[in-house]
Amino acid sequence: MVITENKLMTNKLRNTRNMGFIAHIDAGKTSVSECVLFYTGRTHKAGNIDDGNTVLDWMVQEKERGVTIVSAATSCQWNGFDINIIDTPGHVDFTAEVERSLRVLDGAIVVLDSVAGVQPQSETVWRQANKYNVPRMVFINKMDKIGADFDKATQTLIDRLSANPIPIQIPIGTEDKFEGIIDLVEQKAIYYKIGDEIGHIDKTTDIPEDLKAKAEEYRSNLIEKVAENDEEFLDIIFSGEEFENEKLKNAIRRVTISNTIIPVMCGTALKRKAIQPMLDAIGDYLPSPLDVPSVSGKEYRGESNQIRKADDNEPFSALAFKTVSDPYIGRLIYFRVYSGSINAGAGVLNTITGKKERMGRIVKMHAADREEIKSVSAGDIAAAVGLKDTSTGHTICDENQPIILEKITFPEPVVSVSVEPKLQSEKDKLQEALLKMAEEDPTFIVSYNDETAQTLISGMGEFHLEIIVDRMKRELNVECNTGKPQVAYRETITSNSHAEGKFIRQSGGRGQYGHCVLEVEPRKSGEGFEFVDSIKGGSIPREYIPAVRKGIIEGLTSGNLLGYPVVDIKVNLIDGSFHDVDSSEVAFTIAGSMAVKDAIKKGNPIALEPIMKIEVTTPGDFLGEVIGDLNRRRGQVSETTSITDTQIIKASVPLGESFGYANTLRSLTQGRASFSMEFERYDELPKSILKDKMENQGTKND
Ligand code: GDP
């Protein structure tokens with residue numbers, strides 16, 4: 001009995017695919033997703049679905065309601081596989097969205113335009129997918145478009161991403177003659193009828209004579225590249241025996257999952273051709289939750305690392321990855337179960353807030369309907385209604401075996417603006433709207449400045465904040481005025497230094513005594529703060545070390561140049577002393593803060609400014625003006641490429657110089673250029689500018 005249950009579970013997991021479609025805006029992600037739901041939706045519809053009109057009617061309704069696209073995760077079935085499609089955004093300004101979706105999906109299909117190939121923004125997402133080691137396949141869409149070129153689009157994956165793309169299909173015809181594909185694994189031709197809106201497979205045949213030589217060449221290449229990366233398959237090839245296609249298929253699956261090759265397919269979502277073979281490939285080649293490494297986390301209220309296997313018999317653990325306010329059922333928390341299972345209504349512990357909560361109802365989103373389910377288990381994705389205090393990035397788990405799963409890391413905001421309601425009477429309404437936005441987006445932060453009595457909103461770029469202000473107006477009916485954007489500078493040190501902090505008070509009553517000696521050294525950009533305790537022989541008693549650390553962290557919240565947080569620094573506590581009676585936590589906290597402030601002063605401090613990566617696409621005529629303007633903004637152009645008459649300029653620009661860029665670019669190019677901008681790194685703020693700012697601050701403070 002137990003064996004059967006285990007087997008059932010393993011089969012269920014083996015047939016689960018958590019995947020997403022990744023694409024540059026306009027490559028056709030929405031159209032491809034709609035096609036997928038169109039074909040898989042058949043299983044959810046009663047009646048004669050093969051009747052073209054019924055299906056098309058259903059598509060129109062779907063489109064009007066827009067449900068398919070707004071779901072953070074949509075579930076469907078194909079060939080016995082349960083596919084959870086996780087939504088990924090097409091715009092790089094929303095890095096947080098990309099990061100969180102990549103964190104919970106096991107594999108992805110990158111949709112490319114058959115004419116443009118890899119477009120600038122796809123590069124960013126590709127690198128993020130590399131960071132999470134997400135196995136990928138590529139679907140070259142729009143094979144019906146004028147200028148469609150399968151080989152050229154594939155080549156852009158090598159040229160622009162240094163990827164290892166290997167076609168597992170080739171197209172039969174292109175543009176208006178695109179009729180279908182040749183499956184290089186099965187060695188079959190799959191034809192569609194030109195003009196057939198539904199995208200029925202017309203016929204499957206042997207490879208036609210005129211494409212035999214080409215298909216043979218591509219198949220040999222496929223076999224060779226797979227063998228190069230898979231020993232098991234290499235042995236088969238070396239033995240010289242005939243092999244079944246199934247063996248090749250299994251080997252392609254292994255090299256896809258190990259991320260050594262990227263299988264390439266093609267089709268057209270608009271004309272609904274070659275979508276079914278792509279769906280087959282999701283099952284055949286993308287990983288199941290059993291194929292990816294087990295998730296690791298930290299012991300709750302402890303330091304040790306813990307592993308949770310994708311197994312129903314493990315303790316329950318899940319990661320909340322998106323919070324959505326649904327107009328019909330209220331607050332929905334999308335989560336991925338990494339281990340164990342949970343029933344609707346059961347209690348869970350949120351190890352980030354430390355609160356116990358009740359799951360309430362559990363739902364799965366399908367294309368056309370919402371399904372309430374009784375329980376959800378390892379490897380699956382669903383949404384919960386009723387988790388009041390749980391937000392994106394939190395772990396929920398079995399309270400008897402608690403764990404903290406690795407958090408989704410989001411970049412710190414780099415720009416802030418002050419906001420106030422257009423109508424004073426709408427103060428509370430604005431506050432509510434801001435909190436709602438902040439809850440849905442972890443890179444959007446709302447704070448209140450006591451000194452100026454202003455509400456500040458902070459985010460990843462000027463555009464990010466503009467979108468939020470616009471969404472509040474359109475979706476929540478609150479309008480606000482915004483102040484000038486402010487840059488979030490940072491400070492750091494550039495050389496090692498040594499300092500001590502002594503806090504001693506001995507006037508009447510009980511005294512105070514705290515004393516510590518620190519060594520500090522700079523860390524690489526982005527490495528953050530590290531504290532090392534090297535106290536030996538009890539020169540500072542154990543119980544006061546956390547107090548020293550706390551003081552150091554407090555001391556780092558404002559640097560001595562412009563008063564911004566000090567980052568990327570290692571602090572080593574090497575010595576100190578104490579007093580039997582007078583020492584206290586407070587005294588050591590103050591000593592820690594004094595010591596680190598002095599050490600920073602002696603460590604050749606510099607200020608850091610956020611640098612944005614920018615990509616401008618402009619008609620060639622305006623190249624000179626655009627570059628001239630970037631130079632005036634202290635920008636550095638790293639590359640210009642031209643595609644016919646269009647120029648793509650890659651550059652980096654300090655955030656502080658980038659404000660208002662959209663307007664300038666519009667007027668420089670008569671509105672014919674477009675750009676994308678995202679945070680890239682922190683760099684030293686030039687000394688002359690720092691000096692001006694310090695003088696200005698000085699006058700302001702006087
Ligand atoms: P998204 O921004 O990536 O979600 O792209 P959409 O699915 O919204 O498609 C962008 C545009 O490309 C729309 O005008 C679509 O009609 C068009 N499109 C999508 N797929 C195809 C295709 O296979 N062929 C052609 N010719 N156009 C397509």
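The dialogue below sets values against definitions.

Tutor: This is a predicted model, in which local features need pLDDT of at least 70, side-chain atom pairs count only at pLDDT 80 or more, and totals for chains, interfaces and linings use all residues. Residues are numbered from 1 along each chain as its sequence is written, and side-chain values use heavy atoms, with hydrogens and water left out.

Student: Why are H16 and H18 called roughly antiparallel?

Tutor: The axes of H16 (residues 623-632) and H18 (residues 661-668) cross at roughly 150°. Angles over 145 degrees count as roughly antiparallel, and those from 65 to 115 as roughly perpendicular. H16 and H18 are therefore roughly antiparallel to each other.

Student: What makes H2 and H11 roughly perpendicular?

Tutor: H2 (residues 29-40) and H11 (residues 276-285) pack at an angle of about 85°, with their axes 10 Å apart. H2 and H11 are therefore roughly perpendicular to each other.

Student: Which residues of H2 and H11 meet?

Tutor: Val32, Val36, Tyr39 and Thr40 of H2 meet Gln276, Met278 and Leu279 of H11, where contact means heavy atoms within 4.5 Å. This contact of H2 with H11 has 5 nonpolar, 2 polar and no charged residues.

Definitions and conventions: Axes are lines fitted to C-alpha atoms, for helices over the stretch in contact, and angles run from 0 to 180 degrees between N-to-C directions. Helices (H or I, at least four residues) and strands (E, at least two) are DSSP runs, numbered from the N terminus. Angles under 35 degrees count as roughly parallel, over 145 as roughly antiparallel, 65 to 115 as roughly perpendicular and the rest as oblique. Ala, Val, Leu, Ile, Met, Phe, Trp, Tyr, Cys and Pro count as nonpolar, Asp, Glu, Lys and Arg as charged, and the others, Gly among them, as polar.
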